[in-house]
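My entries follow in the order in which I checked them.

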Amino acid sequence: MPHPEIPTTASARATTLGTRDPAPRDRRLRRPVPAGRFLERGTGWPVSGAYAPGDPEVLVEAPAPLPGLLFIRMPEPKASKNRIHFDRMPTDRTRDEEVERVIGLGATLHEDHRTPDGRGWATLLDPEGNEFCVERGPAERG
């Protein structure tokens, strides 16, 4: 039974992801706006128009009913593997085409778990060093 003081009708606005403060030599990659722009180009979801370069946060707006993704600047660098990450499953191209596409957007291949029989996935790093995976899409799963 729901707790009487806690509302039961709410939706998630955003999932929050931290980006670290920039080091002088790689300042352009360590800000929330570039992290959001990378995801915008990768997903097609728009960055909210309320943000500008240099802002400490940026929201990537997902289509309803999905929550958006809020990137915020964090003072400390990432120390280990992400506690959560996103798995992408392309619907209009193959897994390998999607891997090449996101590499072209600035991602790097981190671990390749693709197998000769066509199964498996690729783990990549976005420009901030956050892991995400690309799996086979429905058409490839047969």
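Where is the place of arginine 95? I found arginine 95 in helix α2, residues 95–104, where helices (H or I, at least four residues) and strands (E, at least two) are DSSP runs, numbered from the N terminus.

I noted that this is a predicted model, in which local features need pLDDT of at least 70 and side-chain atom pairs count only at pLDDT 80 or more, while totals for chains, interfaces and linings use all residues. Residues are numbered from 1 along each chain as its sequence is written, and side-chain values use heavy atoms, with hydrogens and water left out.

Is arginine 95 buried or exposed? I read a relative accessible area of 4%, so arginine 95 is buried (under 20% relative accessible area, with exposed over 50% and partly exposed in between; 1.4 Å probe, protein chains only).

I then listed contacts (heavy atoms within 4.5 Å) and, leaving aside neighbours within four places in sequence, found that those of arginine 95 include Pro90, Arg114, Trp121 and Glu140. Arginine 119 is also in contact with arginine 95; the two are 24 residues apart in sequence and 9.9 Å apart in space, C-alpha to C-alpha.

For polar contacts I used pairs of N or O atoms within 3.5 Å; within protein, one must be able to donate a hydrogen and the other to accept it, and residues adjacent in sequence count only if both atoms are side-chain atoms. The side chains of arginine 95 and aspartate 96 are joined by one of 3.0 Å, and a polar atom of the arginine 95 side chain lies 3.1 Å from the backbone oxygen of glycine 118.

Lastly, I checked the open sheet, whose 4 strands have the order β4-β7-β6-β5 with mixed pairing (two strands pair if DSSP finds at least two bridges between them). Its edge strands are β4 (86–88) and β5 (108–112).
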